[in-house]
Amino acid sequence: MTIRINEKKIVDLISEKKPNLILFNAPGGLIKQTMKIMQMVEKDYGIKCVYSGDTCYGICDYSGYDAVRLGADMVIHIGHTAVVKSVNNYVYFVEAYDDVEFDTVIEKAAGMLSMYKRIGLATFSQHLHKLGEVRSKLERMGFEVHIGKGNNLLQAGQVFGCDFSTVYNLKEVVDAFFFLGESEFHAVGIALGTNKPTYMLDPYLNEIINMEEPARERMKRAILAVYKALDATKFGVITGLKEGQFMKQRSEWVRRKLELHGKEVIQLAMREITPERLAPYTEIEAFVQTACPRISIDGYNFDRPVLSIPQADALIRLLEGRDIGDFMVRPKWIELTVGLLPGV
Ligand code: SF4
């Protein structure tokens, strides 16, 4: 894997902003490269750098408040990009590109998936620069290729793990989605968010992976958690404290709805929502968390239901006597607040 971080952008930002202290953060896979850049910045420009050692799973983890507390003049967030280029001209998003080629895997896909004619093409930040080239190649192979328009957050064809709004708008005009990259996390999100056949085209293993089974398995668990929560009388409603996931009003809305249906609610706020963090709240029978929906949908082995926003909506539908609905099929599972850093 060759990842190229856009170092020129960092150097340009330094020349323009002339900071004394920079806070860097990046996803786990880019730590080593980011450390090297920090050393270069310290040595060549005499600027102090600090690396944010907290988890950084997405663009929502941008560490703006931490930087303020540390007295940093700016944040360089590497590896997650969007239409938004900065938050308050204080947190800057710097691209990291993956140079892997897709030629072999798309030839394989063209053979295996020739039953689909109309394809929706999507990817995540690191392969976005390959979309146009792959589109042309697939068109030459006879496919009709669609790339979803960008919006106020996502670039054309881009998806996050909680936001599929670019591809969602294509679901009626395509037969299937091809996700470019090696991230089942994103590919399965497209399958769940659109309810369309979705295939991950992995350029490293040259494999085509059908997302139907992983999506069905997650859906089954998501539904089970909703029905388990239905029987609970005491709920914990958790507001996530990571900047981009901070949804206080949504938490309050969930609280009001649950109380309206006779549930007792304790409100909590935390940065990391893990089984260990929830273990001490033994009296709570079920949780709703309004932070990253993937905490509930993919990851952890929680011993009690921990519902994401779409699952909470499904629970409320059931409490109101309606059917559970296609609750995961929607353009986005949370409304990220990237681009806001109140008070800075
Ligand atoms: S909230 Fe969205 S962008 Fe942030 S880590 Fe979760 S899926 Fe990714």
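Lys and Arg count here as positive and Asp and Glu as negative, while His and the chain ends are not counted. The place of a charge is NZ of Lys, CZ of Arg, CG of Asp or CD of Glu. On these terms the protein has 42 positive and 44 negative side chains, and the centres of the two sets lie 3 Å apart.

The model is predicted: local features need pLDDT of at least 70 and side-chain atom pairs pLDDT 80 or more, whereas totals for chains, interfaces and linings use all residues. Residues are numbered from 1 along each chain as its sequence is written, and side-chain values use heavy atoms, without hydrogens and water.

The C-alpha atoms fill a box of roughly 60 × 55 × 30 Å along the principal axes. Of the 344 residues, 56% are buried, meaning under 20% relative accessible area with a 1.4 Å probe, protein chains only.

Aromatic pairs come next. Rings of Phe, Tyr and Trp (its six-membered ring) pair if their centres lie within 6.5 Å; planes under 30 degrees apart are stacked, over 60 edge-to-face, and the rest tilted. The whole structure holds 5 such pairs. One of them, Tyr 62 with Phe 93, is edge-to-face, at 6.3 Å centre to centre and 80° between the planes. Tyr 62 sits in the loop between strand S3 (48-51) and helix H3 (64-70), and Phe 93 in strand S6 (residues 91-94), 31 residues apart. Helices (H or I, at least four residues) and strands (E, at least two) are DSSP runs numbered from the N terminus. Both Tyr 62 and Phe 93 are buried.

Tyr 116 and Tyr 199 form a tilted pair, 5.6 Å centre to centre with 50° between the planes. Both Tyr 116 and Tyr 199 are buried.

Notes:
Buried means under 20% relative accessible area, exposed over 50%, partly exposed in between (1.4 Å probe, protein chains only).
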